[in-house]
Amino acid sequence: MTINEEMKIPYVSKEVCQYLRDTYTLPMVINLVHPAANADIAMGIMYGINMLIERLEAIQIQQEENDGIH
């Protein structure tokens with residue numbers, strides 16, 4: 001990743017990551033899925049939410065390492 005690409009990444013706080021983990025729990029995500037949706041769609045939604053949160057957590061950890069915090 002170039003420095004220009006890295007500069008475009010917004011700051012991600014640990015609190016935002018924790019908030020998302022606490023908010024998008026399995027029971028909450030299951031309630032988001034339309035009752036008529038099939039199991040594949042439900043799994044896809046859960047997988048996508050988890051992947052997004054994992055990416056934000058990775059950015060947050062990388063930013064802490066770059067700042068000498070982690």
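Trainee: Which residues in helix 2 meet Asn50, Ile53, Glu54, Leu56, Glu57, Gln60 and Glu64 in helix 4?

Mentor: Good place to start, and keep in mind that this is a predicted model, where local features need pLDDT of at least 70, side-chain atom pairs count only at pLDDT 80 or more, and totals for chains, interfaces and linings use all residues. Residues are numbered from 1 along each chain as its sequence is written, and side-chain values use heavy atoms, with hydrogens and water left out. Contact here means heavy atoms within 4.5 Å, and helices are DSSP runs (H or I, at least four residues), numbered from the N terminus. On the helix 2 side, the residues are Lys14, Cys17, Leu20 and Arg21.

Trainee: How do the residues of that contact divide into nonpolar, polar and charged?

Mentor: Ala, Val, Leu, Ile, Met, Phe, Trp, Tyr, Cys and Pro count as nonpolar, Asp, Glu, Lys and Arg as charged, and the others, Gly among them, as polar. For the contact of helix 2 with helix 4, that gives 4 nonpolar, 2 polar and 5 charged.

Trainee: Is Gln18 buried or exposed, or partly exposed?

Mentor: Gln18 sits in helix 2, and its C-alpha atom is 8.8 Å from that of Glu57, 39 residues apart along the chain. Buried means under 20% relative accessible area, exposed over 50%, and partly exposed in between (1.4 Å probe, protein chains only). With a relative accessible area of 44%, Gln18 is partly exposed.

Trainee: What is the relative accessibility of Arg55?

Mentor: Arg55 lies in helix 4, with its C-alpha atom separated by 9.7 Å from that of Cys17, 38 residues apart along the chain. Arg55 counts as partly exposed, and its relative accessibility is 45%.

Trainee: What percentage of the residues of the chain count as buried?

Mentor: The chain has 4 helices and 0 strands, following the pattern α-α-α-α. Of its 70 residues, the share that counts as buried is 19%.

Definitions and conventions:
Helix = DSSP H or I, 4+ residues; strand = E, 2+ residues; numbered from the N terminus.
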